[in-house]
Amino acid sequence: MLNVQINGEWKQFPKGTRLIEACAQSGFYIPRYCYHPKLSSPGNCRMCLIEMGMPKMGADRKPELGADGRPVINWIPRPQISCAQDIAEGMGVRTDSPLAQECRKGVMEFLLINHPLDCPICDQAGECQLQEFSVEYGNGGSRFLEHKVKKPKKVAIGPRVTLDAERCILCSRCIRFMQEVPHDDVLGFVDRGSHSTISTHPNKALDSNYSLNTVDICPVGALTSTDFRFKMRVWFLKETKSICTSCGTGCNTIIGSRQDVVYRQTPRENNDVNSVWMCDYGRLNFHYLHSEHRLKAPAVKGVNGTEPAEWPAAIARAAAELKKAPPGEIAIIASGKMTNEELFLTKKLASVLGVTLHDIVPHYEQGDDILLSADRNPNTNGAKLLGVSADVPGAKLAEIAEGVRSGRIKALVVLGEDSAECGIDKDSLGKLQSLVTINLLPNATTDAATVFLPGAGFAEKRGSMVNVKGRLQRLNQAINPPGEARDDWEILRDLIQAISGANGVYMIEDVFRQMAEAAPAFSGLSLSRIGDLGVQLKID
Amino acid sequence: MPTPFKKTPHPKEKRIVFQNIDREGWSVDIECSLRNGGYEELKKAVTMKRVDIVNEVKASGLRGRGGAGFPCGVKWGFIKPDEPKPVYLICNADESEPGTFKDRYILHQDPHQLLEGMVISAFALGVHIAYIYIRGEFPVAAKILETAIEECRAKNFIGGNILGTGFDLEIYVHRGAGAYICGEETGLIESLEGKRAYPRIKPPYFPAVLGLYQCPTIVNNVETLCNIKHIVRMGGAEYAKLGRPNNTGTRVLCVSGDVLEPGYFELEVGAVTMGELIYDLCGGMKPGRNLKAVIPGGSSAKVLRAGEKYKIKAKQPDGSMADKEIGIEEIVMDFDSLAAVGSMAGSGGVIVMDDSRDMLWTLNNINEFYAHESCGQCTPCREGSLWMKKITERMLLGGGVERDPAVLKNVADNIAGRTICAFGEACAWPTQSFVAKFKEEFAARATKPLPPPLPPEYTPEELEGEVHAGLTGMNQ
């Protein structure tokens with residue numbers, strides 16, 4: 001541990017601690033623009049200038065000690081940046097001295113003179129560090145009487161990112177991110193001095209699957225998400241901590257929603273999972289929740305084709321159909337996109353029906369070695385742990401498909417998947433006496449269903465999932481399901497109840513409790529104990 | 001009409017580095033160099049112990065001739081004799097400080113002196129790859145150097161097993177693309193690595209520790225490296241007798257501006273005063289004109305005003321030090337004396353201005369340069385340099401408001417000392433010094449009351465036209 005004097009008080013920090021972090025940990029947050037804890041420090045914004053000193057050395061090359069027995073500090077007359085500097089033994093820092101204050105004020109003014117100050121129409125407004133630090137360190141008025149530097153205002157530097165070069169304060173965070181995280185060095189500066197501008201290399205675009213992280217780390221409104229741009233003022237967004245369900249990594253997220261509409265997803269720091277990043281694919285994969293094709297009401301097949309039904313009637317119909325079929329003639333196709341709670345109840349449904357033929361549909365695509373997992377199911381591990389999936393996910397699908405085609409299977413439950421993807425064609429589906437399905441959007445299975453039950457999307461429900469590394473993480477509800485759509489676990493519970501009678505499950509916590517009792521991997525845990533950052537399970 | 005460049009040295013000059021510049025019968029080829037004692041010092045150096053050469057340089061007291069005046073021997077001393085990483089030597093030939101034109105003479109006329117100095121330095125420092133980073137605007141000099149390197153290779157002064165000593169050295173010429181910031185040593189290194197010339201943050205990147213490709217690197221100015229040859233010839237102690245204590249050797253001063261005979265002068269450091277330089281060596285001011293101001297060390301050095309009294313510490317006959325007031329003419333042209341009067345010897349570019357010069361116009365001209373050349377990496381210099389230029393330009397066009405001088409000073413104060421590299425000081429010092437020393441001139445051009453009419457009275461288009469109209473720069 002090294003001793004550092006911060007604003008007059010001696011503190012201890014481990015070797016290798018950045019000065020700016022040591023100050024923040026001591027309660028003295030130093031404003032910064034270019035510094036980002038997950039990237040290299042170029043020291044270019046000069047916002048974090050502080051007064052620094054090192055121990056005064058005596059003639060014997062040992063630090064001179066003051067009356068308090070501590071080293072006397074020899075203050076360096078020039079201000080120093082705190083972001084690119086590790087602490088050293090006996091170092092002294094003044095974060096709020098007149099010199100430090102004057103430096104901040106000066107830099108703040110410099111950053112603002114050529115900034116367009118178009119906050120009323122800027123997407124960053126409300127979460128802009130330029131705004132934030134101007135409040136704290138800026139001048140009330142401007143001394144700048146000149147014309148501002150003109151730069152391009154609306155550049156599509158990539159398919160998902162729009163650049164307003166006038167707002168840019170040239171901190172280089174985006175450039176460093178692209179170099180250091182996705183290793184796709186497409187961004188750089190062109191031109192010189194105050195005319196410097198962020199640009200992509202000629203004939204290159206910022207089209208990495210991680211490009212939207214540059215928008216997150218941009219401290220100002222220079223880089224904006226083309227998808228989110230001008231859609232909603234950020235201060236109206238309700239922030240819900242959740243996880244991304246687009247692949248097995250389970251990046252921690254914040255869902256930004258207002259009045260039952262999701263406007264954006266942004267990554268949330270979890271150093272055991274995704275650091276502070278997430279991929280564009282996962283981030284933007286939420287628009288389907290608000291699709292115009294979203295199925296919002298239960299439906300049953302009647303003599304005149306599919307017709308809307310009330311929930312109690314639809315559940316009763318499904319229960320009656322499934323009870324009628326002998327256990328050996330029922331199969332369940334579940335999904336690796338379901339939560340543990342839903343999977344647990346699926347397993348329970350299987351057991352009350354005596355069904356042994358059940359599996360999930362595997363979805364594997366190209367992954368990368370950054371965050372995107374080849375397993376596009378977010379909860380394959382949960383499905384395995386709870387015994388819904390075959391040992392090798394999808395291993396039983398061929399048998400189920402063959403059973404449906406041959407007519408041996410007479411009732412099929414399809415949860416959140418399309419049986420067409422498992423090789424069951426439309427004609428075979430027509431042979432089924434009962435086809436009960438839960439889903440969000442129409443597909444071949446929902447079209448052919450005898451009972452269709454509208455479920456909830458990832459942002460519309462609570463629950464837990466286990467990622468590819470065995471980390472148990474929690475989804476939280478950001479918005480309500482649309483129309484009459486319901487939380488899937490409730491649908492499954494009602495179905496089980498209708499088949500086998502009451503089971504004492506009223507809340508999702510009850511489901512988790514039962515699950516924790518039944519599955520050793522979850523023993524001792526509860527939904528609340530998972531916390532915001534998840535829990536690593538001991539599984540292989 | 002006065003001849004701008006004299007071929008005969010002035011009697012007060014001591015030509016060492018410039019002994020062959022503009023010399024009758026001198027040519028750039030190696031044969032001419034060899035006939036005149038070229039590469040003799042290299043032959044001597046390779047018989048010496050490396051540490052002895054470094055010690056000679058230390059003993060010589062040679063200070064870097066690029067502008068900062070850092071002791072060369074101390075810089076060399078940072079290189080560990082047993083350094084496991086490759087050590088690089090870079091010759092900084094990116095001479096672009098306005099008012100400075102010494103290195104270009106060496107590069108164009110005496111490349112072999114530089115190469116010999118470089119080979120000796122490389123030998124002393126254990127360098128096997130050296131670079132000459134030459135300013136993009138010196139295309140002819142780059143070709144001359146390339147030819148000279150080939151000539152050296154043919155004579156085995158460069159290449160493998162130099163002069164049979166087993167020492168290998170390659171020297172590459174790298175042309176810049178026309179940016180002042182590439183003269184900053186870490187900016188130069190970044191540029192040489194193929195990146196934008198953004199100066200590095202120091203610490204941790206002191207080039208002698210982490211330089212080119214993160215290896216120990218010595219960056220020396222052209223004139224500095226030429227001096228190495230003469231230090232080997234004379235011996236460090238003998239060289240140190242030239243000039244003054246702590247200001248040893250000779251220096252090439254480049255005088256430009258309103259003197260009758262501008263040009264270069266190689267002088268023992270501190271051999272002349274400002275007055276002698278202007279009135280004896282440069283033939284004095286133009287007829288009927290008086291000295292108004294001098295920028296003594298390249299455009300970034302703080303301006304000195306004629307008629308002002310400068311307080312310095314002077315040695316008394318009994319050896320004690322006492323305060324003394326001197327005029328501008330009495331300032332001795334060496335590193336320490338110029339620093340003592342609040343300016344610097346810098347790159348040796350002395351810009352002399354007479355009473356026909358408009359100081360606001362002059363400052364605007366300098367500000368324009370720095371606003372154009374600021375690399376844009378760090379905030380204060382990037383934004384401040386252009387802001388200062390815009391203020392002086394507006395004042396020049398008659399739009400000066402009362403607070404402008406104060407704002408100019410404050411903007412400059414907010415730049416100096418707060419940037420990654422010394423460019424911050426370079427662009428702030430002119431404004432700080434001009435505004436402070438010519439208060440009345442600036443006040444007279446900043447008379448509009450606050451608040452000023454907004455939007456500004458001119459449009460950018462009008463501004464462009466008027467700047468051209470105001471470009472004469474004379475008060476008349």
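**Figure 1. Overall confidence in the predicted complex.** The predictor assigns the complex an ipTM of 0.91 and a pTM of 0.92. For chain B, the average pLDDT is 91, and 93% of the residues score at least 70. Residues 465-476 of chain B, however, have a pLDDT below 50. Beyond near neighbours in sequence, this stretch of chain B makes 11 contacts in the model.

**Figure 2. Chain A and its secondary structure.** Chain A contains 14 helices and 24 strands. Along the principal axes, the C-alpha atoms of chain A fill a box of roughly 95 × 55 × 35 Å. Of the 540 residues in chain A, 51% are buried. Among the contacts in chain A between residues at least 6 apart in sequence, 66% link residues at least 24 apart.

**Figure 3. The domains of chain A.** Three domains are assigned in chain A: domain 1 spans residues 2-107, domain 2 spans residues 142-236, and domain 3 spans residues 299-536. A distance of 43 Å separates the C-alpha centres of domain 2 of chain A and domain 3 of chain A.

**Figure 4. The packing of helices α6 and α9 in chain B.** Helix α6(B) comprises residues 111-125, and helix α9(B) comprises residues 222-234. The axes of α6(B) and α9(B) lie 7 Å apart and form an angle of about 70 degrees. Because angles of 65 to 115 degrees count as roughly perpendicular, α6(B) and α9(B) are described as roughly perpendicular to each other. From α6(B), the residues in this contact are Gln113(B), Leu114(B), Glu116(B), Gly117(B), Met118(B), Ile120(B) and Ser121(B). Their partners in α9(B) are Val222(B), Leu225(B), Cys226(B), Ile228(B), Lys229(B) and Val232(B). Sorted by class, the contact of α6(B) with α9(B) has 8 nonpolar, 3 polar and 2 charged residues.

**Figure 5. The interface between chain B and chain A.** Here, 28 residues of chain B are in contact with 26 residues of chain A. On the side of chain B that touches chain A, at least two residues come from each of the helices α13 (359-373), α14 (379-396) and α15 (404-415). Helix α14(B) gives the most to this side, with 10 residues. By class, the residues on the side of chain B that touches chain A are divided into 12 nonpolar, 10 polar and 6 charged.

How values were computed
Residues numbered from 1 in each chain as written. Chains lettered and ligands numbered in written order. Predicted model: local features only at pLDDT ≥ 70, side-chain atom pairs only at ≥ 80, totals over all residues. Helix = DSSP H or I, 4+ residues; strand = E, 2+ residues; numbered from the N terminus. Buried ≥ 20, exposed ≤ 12 C-beta atoms within 10 Å, placed from the backbone. Contact = placed C-beta atoms within 7 Å. pLDDT = per-residue confidence, 0-100. Domains from an automatic or database assignment. Axes fitted to C-alpha atoms, helices over the stretch in contact; angles between N-to-C directions. Parallel < 35°, antiparallel > 145°, perpendicular 65-115°, else oblique. Nonpolar A, V, L, I, M, F, W, Y, C, P; charged D, E, K, R; others polar.
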